[in-house]
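Open the model in your viewer and keep the selection tool ready. We will go from one selection to the next and look at what is there.

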Amino acid sequence: MNEPLARRFAAMSGLGLAAAVAVWWLGSARLAIDHGADAARSSAEALQIAWLVRALLVSMVGVRIGAMRGSRDGAAASIAVVAPSWPVVAMAWSASAAPLTQTILAESFLVIEALVLPLVGHGLRRVLPRSEVAEPIASALGVALAAALWLIRDRWAFPSGG
Amino acid sequence: MSRRLLLLGLALCCLAPASAEPRIELGASPAWKGWTRPGRATEIDIRLKSDVETRASLDVAAGRESIGADVELQPGRVARLQVTVGPAPASGVSVRVIRGPSARRDVTLAQSESPLLGVALASGELVTLEGFHAIALAADDLPRNESAYSSIDALIIDAPTLAALDQRQLGALVAYTADCGRLVVLNAGAEVRRLLDGARGCGTAALTNALSLPEAKTMLSASLATSTPPSLSLGSASTLARPSHAAWNAVAVGLALYFAAAAVALVYLPALPVLLLSPALTIAAIVALLQGMQPPSQLIVWSEGRSGAPLARYQAWQRFPGVVRERVRVPLPPQLGAAVQPCEAAQAVRFEVDASGGRALYAEFETRLFRQVALCYRGTFPMERSIDVEARADGSHAVRNSGARAWPSGMLLAKGLVHELPAIVPGAAAVIAADARRPAGDAAVRLASTRTGFDETAALWALDLSGVAGAPVDSTGWLLVSAAPKR
């Protein structure tokens, strides 16, 4: 897979993920409006889902592409996964009771993750004496990071009302 | 010598502001001697006094609701303000003078699990009634705001106490009788009886006159044995509201356009700057669109009265759709501002009250996208509708306008069926055929049907709200007038 194609694929994945979260969030918000309820709870859940799925994707994609194609390409692909969700995140934050600082911190974490993990993958390739084992090790490391993030997901929970 | 004069002048100059600092006296006492029921509103009577002319800022905090007012204080004169507070076990009243002292009083309310019986007798006697918690009241313990009457379940009042009530207290008491509040008046004069009889909302079931205390007790027990129409619950008018989808539509269209544009950009221009710029531009565009639209509030008024009664009670519901996260300050319709509270107790709202009239002028609250903050109003307004209905054997109804004013066309509800009711001039009659039925698909008709007993007949009209100052463009109102049918 060449570099523009990899980035395009990552961006399409990011856009697809953003669209799926947007459809779910808009649907639940519409139901809340129709029933006179507050859409803050479903908006907080949308923020949580959007953050968690992107964090897991970047963990797996970033290290692997960094190891395969270098840190620059890895960072570009990871950012392409993260950035398309920003309009949905901004709207969901506006409809939620989540603090602005928490939301910005969560997005900053994703951007930092998208920049750092490809560097780790790239470093792995350079450190390992046999370059062909770098790719599976990078993939395994990405999965381990994703699993760790899954385990601590509740620490990033957004407040659902207020 | 000149130096001494200069020092004296300086001393006087420095002492003058210190001596001009006002001394503030603050007093706060709750209505009903501090008794209320859980979840019900009550009133706090606030007294302020200063030794100099000054402007004071008053703040009342009760649960998630707060009330603010600017009060002009005259030297030596007591300024009084009665504010309605929502259900909260304790309230804090504080007053602050600019560059001056501040004072604070805490008001604790006793919340009774048993129904409350107010006994306002000049003799100070206390009547006991099984199952009720009785409170001995003086004239000044009775509230000035009608909504504070929700704290009690029944009231016995005698003529001397009635005579000691001021105009606002009397107005609130009249509104309580119009709202089917259970009241026994002891030895009332003919004039007071006429006033209360004219306003009563539930015939003789709720308002009775007694000549002695034992008779008052017996009458109250008899009144409690009969059921009165259930009070309109807070926010019941909200069932007539249509949800506002303007903000949702704008966000949905904005996001759909973004996804379409981003997909096209990815095909033809998959560069990183494009990937970063398009979300940023989309956020800016949607926020600008939402800021620009500001959907108007929606007001719904539901009112009820008995045929021939001079007052109708109403419950109004106003919804403010939110579009962005911000703190908003909205003006309230002046005619409705006397008794306003958030429809949801969990909603934090600050009301700015006019200190001279006690009416809420503005409401301030946090809002956000898709949030629909609702405020509930209640009260009474003068009504001139008198309806005579005769049910005929063939199923038709003869309806006569026995009042002094013409009616617009409306609907007639009889025996669970809904009929079209034509406009009728005073003294004229119309026959509503049995087959002139219409389906009860309308939300207003459904609510009217639930509020009308099966053996009752009622007429439903749309209210003309053009006379309500400050009412939003999207305002709807209904008046349900019930009349027992003649056979």
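Start by colouring chain A by pLDDT: this is a predicted model, and the mean pLDDT of chain A is 89, with 96% of its residues at 70 or more. Which element of chain A has the lowest mean pLDDT, and which the highest? Helix α6 (residues 134-151) of chain A has the lowest, at 89, while α4(A) has the highest, at 95.

Select residues 12-18 of chain B, where pLDDT stays under 50. For this stretch the model has zero contacts beyond four places in sequence. Where pLDDT is low, the predicted coordinates should not be read in detail. For the model as a whole, the scores are ipTM 0.91 and pTM 0.83.

**Stop 1: chain A on its own**

You will find six helices and zero strands. The C-alpha atoms of chain A fill a box of roughly 60 × 30 × 20 Å along the principal axes.

Select α2 (residues 40-69) and α5 (residues 100-127) of chain A together. Two packed helices are described by the angle between their axes and the distance between the axes. Here the angle is about 15 degrees and the axes are 6 Å apart. α2(A) and α5(A) are therefore roughly parallel to each other. The crossing of α2(A) with α5(A) is right-handed. In their contact, 15 residues are nonpolar, six are polar and four are charged.

What is the handedness of the crossing of α2(A) and α4(A)? It is left-handed. The axes of α2(A) and α4(A) come within 8 Å and cross at roughly 150 degrees. Show the side chains next: on α2(A), look for A:Ala40, A:Ser43, A:Ala46, A:Leu47 and A:Ala50. They meet A:Val88, A:Val89, A:Ala92, A:Trp93 and A:Ala95 of α4(A). By class, this contact between α2(A) and α4(A) has nine nonpolar residues, one polar residue and no charged ones.

**Stop 2: where the chains touch**

Bring chain B back. How many residues of chain A are in contact with chain B? There are 29, and they touch 27 residues of chain B. On the chain A side, the elements that give two or more residues are α1 (3-34), α3 (71-82) and α4 (86-95).

**Stop 3: a helix pair in chain B**

Move to chain B and select α6 (residues 246-268) and α7 (residues 272-293). These two helices pack at an angle of about 160 degrees, with axes 10 Å apart. That makes α6(B) roughly antiparallel to α7(B), and their crossing is right-handed. Residues of α6(B) in the contact include B:Ala250, B:Gly254 and B:Tyr258, and those of α7(B) include B:Ser278, B:Ile286 and B:Met293. Counted by class, the contact of α6(B) with α7(B) holds 14 nonpolar, three polar and no charged residues.

**Stop 4: strands in chain B**

Strands of a sheet pair through backbone hydrogen bonds, either parallel or antiparallel. Select β22, β23 and β26 of chain B: these three strands form an open sheet in the order β22-β23-β26, with antiparallel pairing. β22 (387-391) and β26 (429-432) of chain B stand at the edges with a single partner strand each, so one side of each has no neighbour in the sheet. From one strand to the next, the twist averages 20 degrees.

Zoom in on β22(B) and β23 (residues 397-401) of chain B, which are joined by five bridges. Click B:Ile387, and you will find its bridge partner, B:Asn401, in β23(B).

β24 (residues 410-414) of chain B pairs with β27(B) in the antiparallel sense over four bridges, and B:Ala414 stands opposite B:Thr457. β28 (residues 474-483) of chain B also pairs antiparallel with β27(B), over six bridges. Finish on B:Ala462, whose bridge partner in β28(B) is B:Trp478.

Definitions and conventions:
Residues are numbered from 1 along each chain as its sequence is written. Chains are lettered from A and ligands numbered from 1 in the order in which they are written. This is a predicted model: local features need pLDDT of at least 70, side-chain atom pairs count only at pLDDT 80 or more; totals for chains, interfaces and linings use all residues. Two residues are in contact if their C-beta atoms, placed from the backbone, lie within 7 Å. Two strands pair if DSSP finds at least two bridges between them. Axes are lines fitted to C-alpha atoms, for helices over the stretch in contact, and angles run from 0 to 180 degrees between N-to-C directions. Angles under 35 degrees count as roughly parallel, over 145 as roughly antiparallel, 65 to 115 as roughly perpendicular and the rest as oblique. A crossing is left-handed if the near helix is turned anticlockwise from the far one by less than a right angle, and right-handed if clockwise. Ala, Val, Leu, Ile, Met, Phe, Trp, Tyr, Cys and Pro count as nonpolar, Asp, Glu, Lys and Arg as charged, and the others, Gly among them, as polar. pLDDT is the predictor's confidence in each residue, from 0 to 100.
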